[in-house]
Protein chains: 2
Amino acid sequence: MAAAHQPINTFSKRLNMFADVPDEIDHELCGFVAKVREFNANHDIVSQGDKPSHCCVILEGWIARNKILEGGRRQITALHFSGATPDLQSLFMPSLDHNITTLTTARVGFIPHASLRPLMERCPSLVRAFWRETLVDAAISREWEVNLGARPASNRIAHLFCEMGTRLEWFGRANRRGKTLSFAWPLTQSQLAEATGLTNVHVNRCLQELRGRGLVEMARERMTLLDVQKLAAFAGFNPDYLAAEEPRDRAGQNQPM
Amino acid sequence: MAAAHQPINTFSKRLNMFADVPDEIDHELCGFVAKVREFNANHDIVSQGDKPSHCCVILEGWIARNKILEGGRRQITALHFSGATPDLQSLFMPSLDHNITTLTTARVGFIPHASLRPLMERCPSLVRAFWRETLVDAAISREWEVNLGARPASNRIAHLFCEMGTRLEWFGRANRRGKTLSFAWPLTQSQLAEATGLTNVHVNRCLQELRGRGLVEMARERMTLLDVQKLAAFAGFNPDYLAAEEPRDRAGQNQPM
DNA sequence: CGTCATGTTGAGCGTCATCAACAGGAGTGG
DNA sequence: CCACTCCTGTTGATGACGCTCAACATGACG
């Protein structure tokens, strides 16, 4: 109950990007974070089939939504980082339809459903904020469907880089210098393959192509998009689908991408 | 204002599957259906970039969410039929990120945002119902991502058939007889190709395979799944991800699929 | 120093795309 | 009634994109 309010900043900050949640509700919400746990990389926070009694909040780190097919193949369906609340649907769904797995070490808070439900009753703007987060997720999923169904491998990978670059920059987690944009990038090539529906071998070759074209540079867990506009053109990336996630305090003043 | 309440049945019925919306709110909501329009097949109800002032409700017919890439390629990201409210996100998103296009002739109702917003303020359960519909959509999108990213062509097509069969049956739009399930199927092979990220030529050959295996039969706009269990096994279909859409009055009593 | 995860390269092959042609049915207009 | 077009489905030939399998390089870590 006395869980530190400080680490919850990212959550609270992000929530307020979606709707004006009154301070006291926000405060109360943070107080509900029943426990905060650290996870190693590559650990399931919640799994397919679970019936969670808490919602989780990513306070720090990256996670991947993913499903595992019979045969063991894994498909990553979404990437999230600090501030996200990736299993809100557990409030309604009888059981979870996918895994939520850490990609890095991660700090995760848990909010009991039992606390969240009455709070939502009292605070429509909280419901709005959550609903809106769901809508953003859905828009991103749609774009991933397009990416998986309709773009060739290299463009597909480039598109993912553009998307993550944009989302990270909006949340203050990327550095822009001239034409370049750089940010922490924890995914291995195999994980990137799982997100794009390719094999690690082929991802490796596509990355060589992107490097060869002078579009990206990767070093030690860090990604640099060398020419954001050229990369976006190559990928066919148009950030409109992310618009609902754009922090309201900077809406419209985007760098072109 | 005096818009016929009768054709709105499908909407109202579906809404109440998601949450108990009080009768008077339900009634009021239906009264807000400002106009009802008929569309021909293959017509955009709303388009990429639109800033709609109304939400639409599919009263009768099928629609496809889709995005068009530069180059003209089209990816269908979702299929919906009677009862769906596919552009709720227009309440929040600055502009629509995809097209909503009829696949059949369709009857569509429109509800002004200006009427919907205050009603939502007053009725939390309405917000819940809408949010929940968004969550179902998101779960389906995730499964489509898996389908597009990780399943070979024939299995991918089979999976789509299983999903639509299940959803249609839950809404009383499919007939089960023994091992078989049959329902109206308006998609052409080319549209099926756009939904599965394949070419029409390859879809044609996969359908021959499915027919050859005795799994499906298609005749004049009608689809028959000849052995639902075998088809599900072939597709790797597990209906759990649809659970939140399952009508509450029949939860649990599913035929195995 | 050995082990393990990750990245890289090569060779060969299969799934699926491309391009082209044609059949059949529905609708249109002469 | 037939000629015409258009849409949908079907088939064949060819080739490319991406997969599989296998080997090896590199760096982190114990």
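The questions and answers below go through a predicted model, from its chain pairing to its DNA surfaces and helix packing.

Local features need pLDDT of at least 70, side-chain atom pairs count only at pLDDT 80 or more, and totals for chains, interfaces and linings use all residues. Residues are numbered from 1 along each chain as its sequence is written, and chains are lettered from A and ligands numbered from 1 in the order in which they are written.

Reader: By what turn can chain B be laid on chain A?
Author: Two copies of a chain are related by a rotation about an axis and a shift along it. Here the RMSD is 0.0 Å and the shift along the axis is 0.0 Å, with copies superposed by least squares on C-alpha atoms of residues with pLDDT of at least 70 in both. The two copies are thus related as by a two-fold rotation axis. The turn is 180°.

Reader: Which element gives the largest share of the side of chain B that touches chain A?
Author: 38 residues of chain B contact 38 residues of chain A (contact: C-beta atoms, placed from the backbone, within 7 Å). Strands E4 (63–68) and E5 (74–80) and helix H4 (124–150) of chain B each supply at least two residues of that side; helices (H or I, at least four residues) and strands (E, at least two) are DSSP runs, numbered from the N terminus. The largest share is 17 residues, and it comes from H4(B).

Reader: How many residues of that side of chain B are charged?
Author: Ala, Val, Leu, Ile, Met, Phe, Trp, Tyr, Cys and Pro count as nonpolar, Asp, Glu, Lys and Arg as charged, and the others, Gly among them, as polar. The side of chain B that touches chain A has 17 nonpolar and 10 polar residues. Its charged residues number 11.

Reader: Why do the copies meet through the same surface?
Author: Look at which interface residues of chain B are also interface residues in chain A. The copies meet through the same surface because that share is 100%.

Reader: How are H4(A) and H4(B) oriented to each other?
Author: Their axes come within 9 Å and cross at roughly 20°. Axes are lines fitted to C-alpha atoms, for helices over the stretch in contact, and angles run from 0 to 180 degrees between N-to-C directions. Angles under 35 degrees count as roughly parallel, over 145 as roughly antiparallel, 65 to 115 as roughly perpendicular and the rest as oblique. H4(A) and H4(B) are therefore roughly parallel.

Reader: How many residues near DNA strand D are polar?
Author: The largest share, 5 residues, comes from H7(B). By class, 6 are nonpolar and no residues are charged. The polar count is 8.

Reader: How are H5(A) and H7(A) oriented to each other?
Author: A:Ala153, A:Ser154, A:Ile157 and A:Ala158 in H5(A) meet A:His202, A:Val203, A:Cys206, A:Glu209 and A:Leu210 in H7(A). The axes lie 9 Å apart, at an angle of about 75°. H5(A) and H7(A) are therefore roughly perpendicular.

Reader: How are H5(A) and H8(A) oriented to each other?
Author: H5 (residues 153–170) and H8 (residues 228–235) of chain A have axes 8 Å apart. The contact includes A:Phe161 and A:Cys162 of H5(A) and A:Leu231 and A:Phe234 of H8(A). The packing angle is about 130°. H5(A) and H8(A) are therefore oblique.

How values were computed: Two residues are in contact if their C-beta atoms, placed from the backbone, lie within 7 Å.
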